[in-house]
Amino acid sequence: MTEASVVEDLEEWRLDEDVALSFDRTIDRRRVHRSAVSEVFITDVRALGDGRVALAAQLPAYHAYYNDHEPTMPVDPLLIMEICRQAGSATAHELGVDANVVAIPEDWHLHVAEPAGWPSDEPVTDLRIAGEFPFTRVRRGRPRAGICKQRVFAGGRQVATLQAKGRFLDHAEQDMLRTALRGTPPPWTSDMVYRPDPGLAQPHVVGRRDPLNVVLADLAHDAGEMSARVALPLANRALFDHPYDHVTMSVLTEAARQLILSAVNAPGHALRGRHLTGLAGRFARFVELDAPVTVRAALPASETGVCEIPVAIEQGGERVAEIGVTLTRGVEES
């Protein structure tokens, strides 16, 4: 599905008469697997029956990570991705998944409206999310896998959709799996010391202002191909809200986005002026903290209105994941 299908199939929020959602306070941070209350964006969760859930969220008025862009974007697609992740977690728990269980993503697809499609005349933006999480595998009465489906609304109109496939593991199962796959217990970010990377990309090159939000080092462009090493900003409390034993989906997606933006932001480049309207991910295995990670992509040879660029995530000489970045030329550039 491309961004065009999201724009052409815009729907209105039709649940107002059926459910009243609250925007007064955030939900329990444990339901969305966050440590800091300030990093929780979901404000309400209401089960509707038949496996459907309605959720409310509010965009932060300002955020040191999600609002740190050059040029400033009205809504960061990665903020919508994080809100959808939180909504998926809250939905799964609302439908009976144990609080000690986490969803391990296998693949996902996010599509967001272009900047002009978002409300711009409100000091804060309230989001309503229509969600469902049908379970595709249940063992001994316990959900083991499922497909999360979401439609995100702002100002009554659909502005984003997400579909994600994943499996459910409790913390003990995840620890056992990680050790079995590696042969040794994995390191944790809480045991690592943050040191500024000497090869870190300049913030403005990857669309950032604050160096703490840069996740690429040794950035290289060569004959239509580009690559970089992933640098972990462990002091960034948005990306590292709590300890992790792997490089997270959020960091890898940000790395892919920054790699593509390094081309979009280049003066005179054919991709200049495009908007990020889609992200997709597929993961073959966990990406480890204790080995270098490379992101690599080839720029498209021809110009199209919608441009989908796959970014390979490589570790140990193998492709361990792929992040697809969709760019759309705005109306003024058409």
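Let me begin with Arg-140, which sits in the loop that runs between strand β5, residues 135-139, and strand β6, residues 142-154. Please keep in mind that what we are looking at is a predicted model. Although Arg-140 is not a glycine, its phi is positive, at about 55°. Is this residue buried or exposed? Its relative accessible area is 83%, and since anything over 50% counts as exposed, Arg-140 falls in the exposed class.

Now let us turn to another loop, the one between β1, residues 42-49, and β2, residues 52-58, where we find Asp-50. Here too the residue is something other than glycine and its phi has a positive value, near 60°. Asp-50 has a relative accessibility of 78%, and it therefore counts as exposed.

The two strands on either side of Asp-50 deserve a moment of their own. β1 and β2 are paired in the antiparallel sense, over 6 bridges, and together they make a hairpin that leaves 2 residues between the strands, with Asp-50 in the turn. To find your place in this pairing, you can look for Ile-42, which stands opposite Ala-57 in β2.

Terms used. Residues are numbered from 1 along each chain as its sequence is written. This is a predicted model: local features need pLDDT of at least 70, side-chain atom pairs count only at pLDDT 80 or more; totals for chains, interfaces and linings use all residues. Side-chain values use heavy atoms; hydrogens and water are left out. Helices (H or I, at least four residues) and strands (E, at least two) are DSSP runs, numbered from the N terminus. Buried means under 20% relative accessible area, exposed over 50%, partly exposed in between (1.4 Å probe, protein chains only). Two strands pair if DSSP finds at least two bridges between them.
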